[in-house]
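This report walks through selected features of one structure. Keep the sequence and the model in view while reading.

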Amino acid sequence: MRVIFTVLGVALLVWTAGSILRTLVVPRGLYSALAIRLWSSLRVVVRTVAAPFGGYRAIDRAQTWLAPLTLLGMLGCWLLSTLMAYTLLLIGTSELPWHVAFREAGSSLFTLGFASGDRLHLSVIDFLAAANGPLIIALLIAYLPTLYSAYNRRELEVTLLQSRAGEPAWGPELLARQALVRTESELPDLYRDWERLAADLGEGHSNYPVLISFRSPQPYRNWVVGLIAVMDAAAMQLALNPRSAPPEARLLLRAGFTALRDIATALRIPFEADPEPDEPIRLTFAEFDAAVAMVTAAGMRLERPVADAWAHFRGWRVNYEAIAYELARRSDAVPALWTGPRDFPATPIPPRRPADRRPVNP
C-alpha cells in the first residue's frame, strides 16, 4: 500500500504541475481540462442564480462574477490537489497516520513553520511542499497582469466601436452610419484596427481561455458581438460593392476567422476547416435583404444586385458564422442581431441609433 500511495502522490503532483504549466506558463493554445470544466460548472451555477430575476441584464450581472470565481476555483483546485499529493507521499514514505501526514503536508504547503524533526527524507518532501505553495500563488498573481492587459486592449476597440456600429453592435448598422455621415473613407482604418485586434484575440483568448468570461463594463457591449459586426460589415461591403470595397476588408475577414478558429481549437469546438462557399448558413436571405434595404436607405450605393451579392456574402460568412455563434452562446453575450441563439430566453436587441439633433434652419 505504501508503494501505491507513493505512486498516486507522484502522479497527482505531476498532473497538477502539468495543469498549472498548461494554463499559466506555456505560451500556446493548449486545452486546459480543469479551466474548461470549472468554467462550465460555475457558468451553470451563476445562470441558475440569475434565472429567477429574468432578462438579459440579470444574466449579465451574474456573469460578471464568472471569471473571478473561475480564477479562484483554479487556485483552490491546484492547492488542494497539491496538498493531497504531498499527503500521499508522506504516507507512502513513512509510518505516519493519515491525520498527521495531512497536517504536516498542509503546514509545509502553506509555510506555517512545522518540520519533520530528524527524518531527513520527510524533510525533503516538506521543503518541496513549502516551495510549491508560494510558487502556485505567485504564478497566478503574475497571470493576472497578462489577463488584464489583454482585456484592456480588447475593450478599448469594443468601446470605440459603439459610436460607429451602435450598441449592441451590428454590421449593417456600421455601414449605414458611415453612409449617413459620409465617413465611408474611415472604414479602411477601422478594418485595419480590427484586423490587428483579431490577431490579438486569437492569440490571447486561445492561450488564456478565461478571458472569454471577462465581460465588458457596459452590458450591451461584447467582444465577440463586435467582431461579428465588423466582419459582417466587411463581408457586406465586399459582396455589394466589389470594385470600391477597400482591400483591408479582405484582410480583416481572413484575420477574423483565423482568430476564431484558433480559439475554437483551444476550446475543442468542432468546425469545418475549409467549408464550401455555397454551404447553407443560419442567416436567411430575407434578413440580408432587409439589412441591405436599410443600408441603401441611409445612402450607400450598390454595385451589384442584392440577389447576386447574397451568394458572395454567404461565401464569406460560412467561414466564421458557426464558430462565432457558438462563442456568443458560450459567453452569454448580449443577444444582438445576427449573432445566433442563446441558452437563455432572449429576443435579438437592435442597436439604438442616436436622434438627429442638428438645428433646423429658420
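## A buried tryptophan and its partner

W310 has a relative accessibility of 12%, so W310 counts as buried (buried means under 20% relative accessible area, exposed over 50%, partly exposed in between, with a 1.4 Å probe and protein chains only). The model is predicted: local features need pLDDT of at least 70, side-chain atom pairs count only at pLDDT 80 or more, and totals for chains, interfaces and linings use all residues. Residues are numbered from 1 along each chain as its sequence is written, and side-chain values use heavy atoms, with hydrogens and water left out.

W310 also belongs to an aromatic cluster, together with W170, F285, F288, F313 and W338. Rings of Phe, Tyr and Trp (its six-membered ring) pair if their centres lie within 6.5 Å; planes under 30 degrees apart count as stacked, over 60 as edge-to-face and the rest as tilted.

## Aromatic pairs

How many aromatic pairs does this rule give? The count comes to 13. One of them joins Y56 and Y220: this pair is tilted, with 6.0 Å centre to centre and 35° between the planes. Y56 sits in helix α3 (residues 55-63) and Y220 in the loop between α8 (187-207) and α9 (223-240), so the pair ties together parts that are 164 residues apart in sequence. Helices are DSSP runs (H or I, at least four residues), as strands are (E, at least two), numbered from the N terminus. Y56 is buried because its relative accessibility is 9%. Y220 is buried as well, with a relative accessible area of 16%.

F288 and W310 make another tilted pair, 5.3 Å centre to centre, with 50° between the planes. F288 belongs to helix α11 (residues 285-297) and W310 to helix α12 (residues 306-317), so this pair ties together parts that are 22 residues apart in sequence. F288 has 0% relative accessibility and therefore counts as buried.

## Helix α11 against helix α12

The helices that hold F288 and W310 also pack against each other. The angle between α11 and α12 is about 115°, and their axes are 11 Å apart. Axes are lines fitted to C-alpha atoms, for helices over the stretch in contact, and angles run from 0 to 180 degrees between N-to-C directions.

F285, F288, D289 and V292 of α11 meet V306, A307, A309, W310 and F313 of α12. Contact means heavy atoms within 4.5 Å. By class, this contact has eight nonpolar, no polar and one charged residues. Ala, Val, Leu, Ile, Met, Phe, Trp, Tyr, Cys and Pro count as nonpolar, Asp, Glu, Lys and Arg as charged, and the others, Gly among them, as polar.

## Helix α10 and its two partners

Helix α10 (residues 247-267) packs with α8: their axes come within 8 Å and cross at roughly 15°. That angle makes α8 roughly parallel to α10 (under 35 degrees; over 145 is roughly antiparallel, 65 to 115 roughly perpendicular and the rest oblique). The crossing is left-handed. Contact residues of α8 include Y191, W194 and L201, and those of α10 include L251, A255 and I263. The contact has twelve nonpolar, four polar and four charged residues.

At what angle do α9 and α10 pack? The angle is about 145°, with the axes 9 Å apart. This crossing is left-handed. Among the residues in the contact are W223, L227 and M231 of α9, and R250, F257 and L260 of α10. The classes are 13 nonpolar, one polar and one charged.

## An exposed loop residue

R268 lies in the loop between α10 and α11. Is R268 buried or exposed? R268 counts as exposed because its relative accessibility is 57%. The C-alpha atoms of R268 and L227 are separated by 20 Å, and the two residues are 41 apart along the chain.

## Two covered sites

Helix α7 (residues 171-180) is mostly covered, with nine of its ten residues buried. Among the buried residues are E173, R177 and Q178. After α7 comes R182, whose phi is positive, near 55°.

D332 lies in the segment after α13 (321-330). D332 is buried because its relative accessibility is 0%. Leaving aside neighbours within four places in sequence, D332 is in contact with R43, R47, Y56, I59, Q63, R215, D343 and F344.

Terms used: Left-handed = near helix turned anticlockwise from the far one by under 90°.
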